[in-house]
Amino acid sequence: MKVEVEGLGDVKITDKAIDAIVLNMVYETSYLSNDPRTKIGAMLCDLDLLKRPLGGQIIGGIYGWNHLFEAYRDEEKKEKLKDRAYKHKKITHAEDHAISQANKFYNEGLGISPSKMGLWVLDVPCNGCSDKIIKAKIPRVVTHLPYALLHVDEEYNSLKKKKQNIQKMQNEGIQVLFYPLDVGQKAYMDNQEIDFKALFSH
């Protein structure tokens, strides 16, 4: 199903229950991030998950979360992170983290190729992560619609740039889907609490 979303144009909505389940797990994973402001989670899972009936199965995958290369505990260092350009040089993104882990396991003979996995991530991948998804030949990306609309940074991840990244992945044959997750949870984005359930109650 396609719907028109302001700022993102026509987007495909998935109704698969497995997508909601995995995105909930990704949501919990995001709290492993040591970024004091923005917490993003990602997960790569075998696409065979989509073919299995739900009910008692254990869902396993390779997790990733955005994290800074060093701890920023004191106030002086935390202040530096308000400069987005500075921060972007110091952080590994969730998608990059998950893809790097998957490639490592695959090269060691401990897992399957990312090209046979789907990627679930809280937000629309940035330009650099979109390129890495394309390079890894990941065929399916599912993201969280409320997060995509609300977590916007004009310099690095405006809705216009998110739309461009979606189109870039689609042009490479990647299926990009959104899930309008309504789990009544609260996420912390830029120190604001956002109630996703309330967002979709209008």
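Let me start with a β-α-β unit: S7, H5 and S8 form one, and its hand is right. Right-handed here means that, with the strands pointing away from the viewer, the path from the first strand over the helix to the second runs clockwise. Helices (H or I, at least four residues) and strands (E, at least two) are DSSP runs, numbered from the N terminus.

A word on the source. This is a predicted model, where local features need pLDDT of at least 70 and side-chain atom pairs pLDDT 80 or more, while totals for chains, interfaces and linings use all residues. Residues are numbered from 1 along each chain as its sequence is written, and side-chain values use heavy atoms, without hydrogens and water.

Now strand S8, residues 140–144. Is it buried or exposed? Five of its five residues are buried, so the rest of the structure largely encloses it. Buried is under 20% relative accessible area, exposed is over 50%, and partly exposed is in between (1.4 Å probe, protein chains only). In a regular strand, side chains alternate between the two faces of the sheet. In S8 both faces are covered. Arg140, Val142 and His144 sit on one side, Val141 and Thr143 on the other.

Which strands flank it? Strand S7, residues 117–121, pairs with S8 in the parallel sense over four bridges. Pairing requires at least two DSSP bridges between the strands. Valine 121 stands opposite threonine 143 in S8. Strand S9, residues 175–179, also pairs with S8 in the parallel sense, over five bridges. There, arginine 140 faces glutamine 175.

Stay with threonine 143. It lies in S8, and it counts as buried because its relative accessibility is 1%. Its side chain reaches the backbone oxygen of leucine 122 at 3.2 Å. That is a polar contact: N or O atoms within 3.5 Å; within protein, one able to donate a hydrogen and the other to accept it, and sequence neighbours counting only if both atoms are side-chain atoms.

Most residues other than glycine have a negative phi. Lysine 137 has a positive phi of about 60 degrees. This lysine 137 is exposed, at 62% relative accessible area.

Next, the pocket. Rolling a probe the size of a water molecule over the atoms shows where empty space is left. A pocket is an open set of points on a 1 Å grid over the protein atoms alone, where a 1.4 Å probe fits, with protein on both sides within 12 Å along at least five of seven lines; lining residues have an atom within 4 Å of a point. The largest pocket has a volume of about 500 Å³. Its lining has 29 residues, and His88, His93, Cys126, Cys129 and Asn157 lie nearest its centre. Which element gives the largest share of the lining? H5, with four residues. Among the others supplying at least two are helix H3 (84–89) and helix H7 (159–171). By class, the lining has nine nonpolar, 11 polar and nine charged residues.

Last, strands S3 and S4. S3 (residues 41–46) and S4 pair in the antiparallel sense over four bridges. Leucine 44 has isoleucine 62 of S4 as bridge partner. S4 (residues 62–65) has a covered face, Ile62 and Gly64, and an uncovered one, Tyr63 and Trp65.

One more residue: leucine 32, in the loop between helix H1 (17–29) and S3. Leucine 32 is exposed, at 52%. Leucine 32 and histidine 67 are 35 residues apart in sequence, yet 8.3 Å apart in space, C-alpha to C-alpha.

Notes
Points joined across faces, edges and corners; volume = space filled by probe spheres on them. Nonpolar A, V, L, I, M, F, W, Y, C, P; charged D, E, K, R; others polar.
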